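The following questions and answers concern the model shown below.

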Amino acid sequence: MKLILCVLFVLISAKECDKNKEQLANHNNSEVITTEQSELKMQDGMKINYLAVTRGSYLQIWIEGDSIKYTTDNSLKVITTHQIPTQEKESFMRLIGDCDEKTLPELEAPSKNHQFDGAAIATLEITNGEDTYKTVAFDHGKPPESIKAIVEKMLSIKTMLEKQ
């Protein structure tokens, strides 16, 4: 009886292992296909956050997926949301693709006016999945050269949609 149970247990275990291997192989193949199909789709999961703060002003801009959200209310009670036009989103995603987010914490601010209330303190944060990369504080309006195009594009999209 014990022998029959042992043989039955081994057969069931082997069947489950084959099933798990097949599921794992299918999962890996689907990941490769989706990655090859669209790099833009992977970047849709990204969140980009720009924050500029001083004693008397507050500006926060989030870009996530196809939408942009912004607020000048530091309690975050009034948040404005807009759909980003396709052409603007594509050019923004190209800029993000050119940026190596892993180097963000190492960037140096070109000026230090934010340290004595000469300018708003600004930061840029990029979240891709579980990884988050944030710049050191820099002056609002004077970002480090490597992220200048990204910050200016975010601000221009916000201004463009705000006027509509």
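Q: In which loop is Leu 76 found?
A: In this predicted model, Leu 76 has a relative accessibility of 37% and therefore counts as partly exposed. Strand S4 comprises residues 80–83, and Leu 76 is found in the loop between S3 and S4.

Q: What is phi of Leu 76 near?
A: Most residues other than glycine have a negative phi. Leu 76 is a residue other than glycine, yet its phi is positive. The value is near 60 degrees.

Q: In what order do the elements of the chain run from the N terminus on?
A: The chain has four helices and seven strands. From the N terminus on, the order is α-α-β-β-β-β-α-β-β-β-α.

Q: What percentage of the contacts in the chain with a separation of 6 or more is accounted for by residues 24 or more positions apart?
A: The chain has 164 residues, and buried residues make up 31% of them. Among contacts with a separation of 6 or more, residues 24 or more positions apart account for 54%.

Q: Is the aromatic pair of Tyr 50 and Phe 138 stacked, edge-to-face or tilted?
A: The structure holds one aromatic pair. The ring centres of Tyr 50 and Phe 138 are 6.4 Å apart, and the ring planes stand at 40 degrees. Planes under 30 degrees apart would count as stacked and those over 60 as edge-to-face.

Q: How many residues apart in sequence are the parts that the pair of Tyr 50 and Phe 138 ties together?
A: Both Tyr 50 and Phe 138 are buried. Tyr 50 belongs to strand S1 (residues 46–53) and Phe 138 to strand S7 (residues 138–139), so the pair ties together parts whose separation in sequence is 88 residues.

Q: Over the ring of which residue does the charged end of Lys 158 sit?
A: The charged end of Lys 158 is 5.3 Å from the centre of the ring concerned. That ring belongs to Tyr 70.

Q: Are helices H3 and H4 roughly parallel or roughly antiparallel to each other?
A: Two packed helices are described by the angle between their axes and the distance between the axes. Helix H3 (residues 86–98) and helix H4 (residues 148–163) pack with their axes 9 Å apart, at an angle of about 160 degrees. Angles over 145 degrees count as roughly antiparallel. H3 and H4 are therefore roughly antiparallel.

Q: Which residues of H4 make the contact with H3?
A: H3 passes H4 in a left-handed crossing. On the H3 side, the contact is made by Glu 88, Ser 91, Phe 92, Leu 95 and Ile 96. On the H4 side, it is made by Ala 149, Ile 150, Lys 153, Met 154, Ile 157 and Met 160.

Q: How far apart in space are Arg 94 and Ile 150, C-alpha to C-alpha?
A: Arg 94 has its place in helix H3. With a relative accessible area of 53%, Arg 94 is exposed. Arg 94 and Ile 150 are 56 residues apart in sequence, and their C-alpha atoms are separated in space by 9.6 Å.

Q: Is Ser 67 buried or exposed?
A: Ser 67 is found in strand S3 (residues 67–71). Beyond residues up to four places away in sequence, Ser 67 touches Trp 62, Thr 81, His 82, Gln 83 and Ile 84. Its relative accessibility is 14%, and residues under 20% count as buried. Ser 67 is therefore buried.

Q: How far apart in space are Trp 62 and Lys 47, C-alpha to C-alpha?
A: Trp 62 lies in strand S2 (residues 58–64). Leaving aside neighbours within four places in sequence, its contacts include Ile 48, Asn 49, Ser 67, Tyr 70 and Leu 76. Trp 62 and Lys 47 are 15 residues apart in sequence, with a C-alpha to C-alpha distance of 7.0 Å.

Q: What distance separates the C-alpha atoms of Tyr 133 and Thr 103?
A: Tyr 133 is found in strand S6 (residues 131–134) and is buried, with a relative accessible area of 16%. Leaving out residues up to four places away in sequence, Tyr 133 touches residues including Lys 102, Leu 104 and Ile 126. Tyr 133 and Thr 103 are 30 residues apart along the chain, and their C-alpha atoms are separated by 8.1 Å.

Key
Residues are numbered from 1 along each chain as its sequence is written. This is a predicted model: local features need pLDDT of at least 70, side-chain atom pairs count only at pLDDT 80 or more; totals for chains, interfaces and linings use all residues. Side-chain values use heavy atoms; hydrogens and water are left out. Rings of Phe, Tyr and Trp (its six-membered ring) pair if their centres lie within 6.5 Å; planes under 30 degrees apart count as stacked, over 60 as edge-to-face and the rest as tilted. Helices (H or I, at least four residues) and strands (E, at least two) are DSSP runs, numbered from the N terminus. Buried means under 20% relative accessible area, exposed over 50%, partly exposed in between (1.4 Å probe, protein chains only). A charge sits over a ring if NZ of Lys or CZ of Arg is within 6 Å of the ring centre and within 35 degrees of the ring normal. Contact means heavy atoms within 4.5 Å. Axes are lines fitted to C-alpha atoms, for helices over the stretch in contact, and angles run from 0 to 180 degrees between N-to-C directions. Angles under 35 degrees count as roughly parallel, over 145 as roughly antiparallel, 65 to 115 as roughly perpendicular and the rest as oblique. A crossing is left-handed if the near helix is turned anticlockwise from the far one by less than a right angle, and right-handed if clockwise.
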